[in-house]
Amino acid sequence: MEENRISTRYKEIGRVNIPELCALPEILENISATGCKVIFPVSVVVNLEKEYMIQVMISRFPNESPLQLRCKPMWVSEVDGVTHVGFSILFSPDENRLHYLIKRLEEINEDEEPEIV
């Protein structure tokens, strides 16, 4: 099944904190200017109607402070007790920093074909 994405998502490992959903740190799988995919190491209940403030720390840029992003879950999938969530990024306090980060990821991945997922 082919999906239409607004923007290219870059595979990027990072740490995510969403204390409202889980006390354990989550894992960032990919990120774009408009969304991200997060993996929870345990089963969690996610309200698709709610907005969540998430903190994202990109492993490639360890000296930068976490991005503060307001997100809304678009889909949830659970397999073997691990929860995957696709978030849409809404207007956020660190929106300018996010766009700068995406620009840096584009430059890093210039020679590689980015994955559109």
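Me: How many aromatic pairs does a search of the whole structure find?
Reply: The search finds zero aromatic pairs. Please note that this is a predicted model.

Me: What lies over the face of Phe-61, then?
Reply: Arg-104 does, at 3.9 Å from the ring centre.

Me: Which residue forms a salt bridge with Arg-104?
Reply: Glu-64 does, with the closest N and O atoms 2.3 Å apart. This pair links distant parts of the chain, as Arg-104 is in helix H1 and Glu-64 is in the loop between S4 and S5, 40 residues apart. Glu-64 itself is partly exposed, at 35% relative accessibility.

Me: How many salt bridges are found in the whole structure?
Reply: Six. One of them joins the side chains of Arg-70 and Glu-51, at 4.0 Å from N to O. Arg-70 lies in strand S5 and Glu-51 in the loop between S3 and S4, so the pair ties together parts 19 residues apart in sequence.

Me: Changing topic: is Glu-12 buried or exposed?
Reply: Glu-12 is buried, because its relative accessible area is 4%, and buried means under 20%. Its place is in strand S1, residues 10-17.

Me: Which side chain does Glu-12 meet in a polar contact?
Reply: That of Arg-60, at 3.0 Å.

Terms used
Residues numbered from 1 in each chain as written. Predicted model: local features only at pLDDT ≥ 70, side-chain atom pairs only at ≥ 80, totals over all residues. Heavy atoms only, no water. Helix = DSSP H or I, 4+ residues; strand = E, 2+ residues; numbered from the N terminus. Buried < 20%, exposed > 50% of the residue type's maximum accessible area, 1.4 Å probe, protein only. Polar contact = N/O pair within 3.5 Å; in protein donor to acceptor, adjacent residues only side chain to side chain. Phe/Tyr/Trp six-rings, centres within 6.5 Å; stacked < 30°, edge-to-face > 60°. Lys NZ or Arg CZ within 6 Å of the ring centre and 35° of its normal.
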